[in-house]
Amino acid sequence: MQGACVSILCVCMYVSVLLRSAISQPPTESDTYTECTDGYKWDPQTQHCKDINECDTIPDACKGEMKCFNHYGGYLCLPRSASVIPAPEPVSTPEVSEPYNPCPLGYEPQGDSCVDVDECERLDHDCQPSQQCINTLGAYTCQCPDGYRKVGTECIDIDECRYRYCQHRCVNVPGSFSCQCEPGFQLAGNNRSCIDVNECEMGAPCSQRCYNTYGTFLCRCDQGYELGPDGFVCNDIDECSYSSYLCQYQCVNEPGKFSCVCPEGYQLLGTRLCQDINECETGEHQCTETQTCVNIHGRYQCVETNRCQDPYVQVSDNRCVCPVNKPACRDLPFSIVHRYMSITSERSVPSDIFQIQATSVSPGAYNTFRIRSGDENGDFYIRQINNISAMLVLSRAVSGPREYTLDLEMVSVNPLLSYQNNYQTSSALRLSIYVGPYAF
């Protein structure tokens, strides 16, 4: 126990001697004093300036209802309801002295020389994630992607549309832009200019003809068609509905055109008119050898070659004579000549249709003309032209098909033959008139 006490006493004495020695020594020239700014005081233990808590050291630092809040280098007077969240005390880390580098900044020694440090490869740079680090001699640069420009440390998108790169429309997108064309155009190979699109070669919806124009196209129709409301489809024009005078008889509408047709017994003359077919000339009749073919409007008529009826006898083609020696011939015309004709329906009246001409006249004879029979309705009359001729006139419009048989008589009076009691004779023209069914 005694030895232990002596040991402790020795230690204590040694410490006290050291303290007295340290206190009794005056300050040397190597000691330094640091002056702190207002609000701070020097702390010899930490060898740093320490903040002064004015709220504790200054009596009534805040007046009235204000509350004192200390902060670094000063204090605040705030309402009592306020609160201040103090920042955490900085953690002091021991300073690590870096090894001596005899090379300039951005270089490092390698043997007896200095080589450039690749900060990009060592990730020893402060470029943003969107930026590209490019190493340079002794340093590095942060480069923005294409379409961006650097403002401070950030990369800002460049609005390329402000520079009118596109001919028509420009659409800006992050880091780039795109050009668009108006309808009817497409982008050229440079992706900026717009060229016309030939819609006609790309399947334009024209039903017939397509014409390309600048930026668009036009649909057109063939003759006989008209463009529909949609501007694409061609609809047939019904020409027959526009006029009743396109065809003489009947109009038939066809796709893109029309055609005229004629009734049976007629044929087209040109494209619109109808002409009667002369079956007697074409041989398209069925008359026998004892019959004569008479062409009429729209058809033909077969008549007997010898149409002389008793007491008349045939003396030549179409001519019959009543012999004077036959008592029955006394009150009948001496001769009858058969003639045939055809007229159209609805002729304008009065209309001259047939001229009567005497073939032989006795000297001194006076001739008159009349309708002997066949005109019970008074559709005709005779207009005498001179002593040897007269005109048969249609006085009323008639419609066919219809047939008239008129006996047109020429009465001759010859005073020079009165002594023979045979001064008056007559001859007749038996005219068969066929009225066609149409006005052509």
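User: Which residue does the side chain of E409 meet in a salt bridge?

Analyst: Quick caveat: this is a predicted model, where local features need pLDDT of at least 70, side-chain atom pairs count only at pLDDT 80 or more, and totals for chains, interfaces and linings use all residues. Residues are numbered from 1 along each chain as its sequence is written, and side-chain values use heavy atoms, with hydrogens and water left out. A salt bridge here is a side-chain nitrogen of Lys or Arg within 4 Å of a carboxyl oxygen of Asp or Glu. At 3.2 Å, N to O, the partner of E409 is R372.

User: Is E409 buried or exposed?

Analyst: Buried means under 20% relative accessible area, exposed over 50%, and partly exposed in between, with a 1.4 Å probe and protein chains only. R372 is partly exposed at 33%. E409 has a relative accessible area of 3%, so the label is buried.

User: How far apart in sequence are the parts that this pair ties together?

Analyst: Strands are DSSP runs of E, at least two residues, and helices are runs of H or I, at least four, all numbered from the N terminus. R370 also joins R372 and E409 in a network of salt bridges. E409 sits in β32 and R372 in β29, so the pair ties together parts whose separation in sequence is 37 residues.

User: What is the strand order in the open sheet of six?

Analyst: Two strands pair if DSSP finds at least two bridges between them. The pairing in this sheet is mixed, and the order is β25-β26-β27-β33-β32-β29. Its edge strands, each pairing on one side only, are β25 (313-316) and β29 (366-373).

User: And in the open sheet of three strands, which order do we get?

Analyst: The pairing there is antiparallel. β30 and β31 (residues 389-394) pair over five bridges, and L394 in β31 is the bridge partner of F380. The whole order reads β28-β31-β30.

User: Which residue forms a salt bridge with R383?

Analyst: R383 is in β30, and its partner is in β28, 31 residues apart. R383 counts as partly exposed at 34% relative accessibility, and D352 counts as partly exposed at 40%. With the closest N and O atoms 3.1 Å apart, the partner is D352.

User: How many residues does the largest nonpolar core have?

Analyst: A nonpolar core is a set of buried Ala, Val, Leu, Ile, Met, Phe, Trp, Tyr and Cys residues joined through side-chain atoms within 4.5 Å. Those with the most contacts inside the largest one are I343, I353, F354, F380, L392 and I433. The elements giving two or more residues to this core are β27, β28, β31, β32 (402-413) and β33 (424-435). The core's residue count is 21.

User: What does V337 touch, leaving out residues up to four places away in sequence?

Analyst: V337 is in strand β27 and counts as buried at 17% relative accessibility. Contact means heavy atoms within 4.5 Å. By that rule V337 touches N318, R319, A428, L429 and R430.

User: Zooming out, how many salt bridges does the count come to?

Analyst: One of them joins E108 and R122 at 2.5 Å, N to O. That pair links E108 in β5 (residues 107-110) with R122 in the loop between β6 (113-116) and β7 (132-136). The count comes to ten.
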